[in-house]
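Dear colleague,

I am handing over the structure we talked about, and below it you will find my notes on what turned up in it. Please read them with the model open beside you.

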Amino acid sequence: MKIKKKIALWLLCCCAFGQTAAQDREDISLNDKQSFISHLLEQMTLDEKIGQLHQCSGRGNFTGPDTLHLPLEEYVRQGKVGTMLNIIGIKEIRKYQSLALQSRLHIPLIFGLDIIHGYRTGFPIPLAEAASFDLAMMEEAARCNALEGAADGQNWTFAPMVDISWDARWGRVMEGAGEDPYLGSKVAEARVKGLQGEQLGDTCSMMACVKHFAGYGAPMSGKDYNSVDMSMGQFANFYMPPYQAAVEAGAATVMSAFNDFQSIPCTSNRFLLTELLRERWGFKGIVVSDYNSVEELINHRVAENRKDAAAQAFQAGLDIEMVSQCYLRHLKELVQEGKVKEEVIDQAVGRILEKKYELGLFHDPYRFCNEARSNRTINSSRIRNSSLRMAERSVVLLKNERQTLPFSDMIRTVALIGSLGKSQFDMAGAWAGSVDRSKIVTLYDALIQRGIKVIYQEGYDIRSGKISSLNASLQAAQQADAVIVCLGERAEQSGESKSKANLNLPEGQQLLVEELAKTGKPIVSLLMCGRPLIFNEVRRHSPAILCTWWLGSEAGNAICNVLWGKYNPSGKLPMTFPANMGQVPIFYQYKSTGRPTRPHVHYCTSYIDSSTEPAYPFGFGLSFTSFRYGKPEIIPSDHPDHAHAFLRINISNTGSRDGEEVVQLYVQDKVARITRPVKELKGFQKVFLKAGESKTVTFPITDETLGYYDNDMHFTVEKGEFIFMTGGSSHDTQEVTYFHPFSKI
Ligand code: BGC
């Protein structure tokens, strides 16, 4: 049967049998994708095509200006909407899908949602997960997020956020993988694979959306949405790699960023959206704007009005406009005036139809809406268990003096101080929109469930940060075998639009720890936060400190498992923790300067009123056991096509407990044509070692390990000496020199 006829039959089936025509449509949709799409495009009016480029938000869960005033149902029925966000639950999704099927061509909708760290089951915030350096586990976590979301009707998540950031003032650091481009790239890849699974058509996979393209993590002064200004070399070497890695991992969609890049807003930045993304990287998927950002081109003062905004964004290569309506209202006019070519609209619409086809929505628009699957999947034991394992691996042990941790089984009564330990809302974390908070296990719950006697005190007021119950807290401490103090931020203090000018933990929280320490009881301070904070008094007075971030549904269980040594902490910091505000932004891979930092030396890169040393460096994290690193050695390669050489290092567990260590590999290009960082992470492996066991870890040395982008974005590998550093943190390494015999430009 000719394709045109089949399309006609498909349309007929949609009209005649409404939602039950899957069988007939299958016959058609299983045919050649490209012919199906081009014939469908032929039947579409210009208005219908423009409708596909418009994305509407449901009523509620806004992440920007609301849409309460819009006649959403009418829009959908008239084919003025191609994709929707913030429609939650099978019932609602069915409702809007059935309206879309009433439109003239019955083109189904795609439903998208920000599933950032869990759909119904909460997972650790992405920054916490990155601290695990456990790529397989992060892939599994993303898989679980997709499993739950897809089982409940969602097709698309606006994740992963892969923006690198050196600035903890920026509240969205909680949503990324931290400061390092290498770690960020590996995490981006793992998350895309986890979300998208084997292929898009699976009912347990979702489309990933790499965001925010590009440079969103570098706003000036750490203020969200602020301007970004950086050189091309800086962008290419430090900010670009995770976006590229995610695209190469097959991400179906990319979201443009709110900020400007080289003085052009990303929403209308042709260099980013077309030249780099499509022409250089070969990206074939959909580019969506951020919330309302096309209209915001007017605020950027690069567009005179909505029509101008539509023209600029579309011409730059932006396919879908999220929420604002510049395309819907003005693209037609722009085509009629010859300012936008209809064939370019066809290409953008074609990309959207292609994803609908790949998701199987033409075959069955309701295939993601299966209540039985949803009930089976959501909160299932696999997902809860993965959330627990992910949470345990995300915890970072920052200090452990006098063997305060792990607690022995003799610790049966604890004083639990601080309301964060009892708050389901906060333990869920900053972007837990659809997470079922009633199923979050808090630390308080977990302690009780384990039969521990808990003497709870609020200790300090979470809003003002002031001490609220000093005497009662001290009394609780006196009566307990150990004290657990929950410090940090409320979940709503990090995330989008939550930039801070002050990262210091409130004085009251710190003073409280100082007072509690005077009781002489074993004290453990838990930092529950979405970003690096400054807590020097806690560092001074608390013998043990764990950074537990916000860990999601199994937070309490994971923390208890760490406290009592059932899980030996293995997390490493994915961001540098500053010692004071003046050091921010702070990161480990600063560049070599003409006057390098040297302690007590004048006229060098430093401060007169502060050390340049962070409180905790990137890659730092302790264990309940100890590891000894052997001397790294360079081994020649028998297969130069695969690797120029190998670096080999021996590592031993010298303590009395089994444990995991993240073996890190850093490199310094000793002399280069452009200024290069003092060190850059170029490899890591997480190894499990039984007590007393030793293993050899090998890293390949490849072009990727040695090279960099020059200011014209050409990838270059230079001949000469490279210093390789290996160890358990960016500040604790051993060196070996490698000589690279040839250049490659
Ligand atoms: C955020 C995006 C998010 C979008 C939709 C925006 O405010 O920047 O990350 O995906 O809203 O919720």
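**Nonpolar cores**

Of the 187 residues in the largest nonpolar core, Phe235 and Trp549 touch the most other members; a nonpolar core here is a set of buried Ala, Val, Leu, Ile, Met, Phe, Trp, Tyr and Cys residues joined through side-chain atoms within 4.5 Å, and buried means under 20% relative accessible area, as against over 50% for exposed and in between for partly exposed, with a 1.4 Å probe and protein chains only. The largest share of this core, nine residues, is supplied by helix H10 (residues 232-248), where helices (H or I, at least four residues) and strands (E, at least two) are DSSP runs, numbered from the N terminus. Apart from it lies another core, of 21 residues, including Ala141, Phe618, Val662 and Phe684. As general background, nonpolar side chains in soluble globular proteins tend to be buried together.

Before going further, please note that this is a predicted model, in which local features need pLDDT of at least 70 and side-chain atom pairs count only at pLDDT 80 or more, while totals for chains, interfaces and linings use all residues. Residues are numbered from 1 along each chain as its sequence is written, and side-chain values use heavy atoms, with hydrogens and water left out.

Leaving aside its neighbours within four places in sequence, Phe235 is in contact (heavy atoms within 4.5 Å) with Ala214, Met230, Met240, Pro241, Tyr243, Phe261, Leu272, Leu276 and Met713. Gly233 also lies in helix H10 and is buried, with a relative accessible area of 6%; with neighbours within four places in sequence again set aside, Gly233 is in contact with Asp710 and Asn711. Asn557, found in helix H22 (residues 555-563), counts as buried at 13% relative accessibility, and beyond four places in sequence its contacts are Leu388, Val441, Ala446, Gln449 and Arg450.

**Pockets and cavities**

Both terms rest on a 1 Å grid over the protein atoms alone: a cavity is a set of points where a 1.4 Å probe fits but cannot get out, a pocket is an open set with protein on both sides within 12 Å along at least five of seven lines, and lining residues have an atom within 4 Å of a point. Grid points are joined across faces, edges and corners, and a volume is the space filled by probe spheres set on the points.

The largest pocket has a volume of about 730 Å³ and is lined by 32 residues, of which Tyr182, Ser185, Pro241, Lys682 and Glu704 lie nearest its centre. H10 gives the most to this lining, with seven residues. By class, the lining of the largest pocket has 15 nonpolar, ten polar and seven charged residues, where Ala, Val, Leu, Ile, Met, Phe, Trp, Tyr, Cys and Pro count as nonpolar, Asp, Glu, Lys and Arg as charged, and the others, Gly among them, as polar. The second largest pocket holds about 640 Å³ of space, and of the 25 residues that line it, Phe587, Tyr588, Tyr590, Thr597 and Thr612 are the closest to its centre.

The structure also holds five cavities of 30 Å³ or more, and the largest cavity has a volume of about 140 Å³. Its lining is made up of 17 residues, with Ile116, Pro126, Asn145, Ala159 and Arg191 nearest the centre, and the elements that give two or more residues to that lining are helix H7 (126-131), helix H8 (135-151) and helix H9 (181-196). The lining of the largest cavity has twelve nonpolar, two polar and three charged residues.

**The five-stranded sheet**

An open sheet of five strands has the order E4-E3-E2-E1-E10, with parallel pairing; two strands pair if DSSP finds at least two bridges between them. Strand E4 (156-157) and strand E10 (321-322) stand at the edges with a single partner strand each, so one side of each is left without a neighbour in the sheet.

Two bridges join strand E1 (residues 54-57) to E10, with His54 opposite Glu321 and Gln55 partnered by Met322. Three bridges join E1 to strand E2 (residues 83-85), where the partner of Ser57 is Leu85. His54 and Cys56 point one way from E1 and Gln55 and Ser57 the other way, and all are buried.

With best wishes
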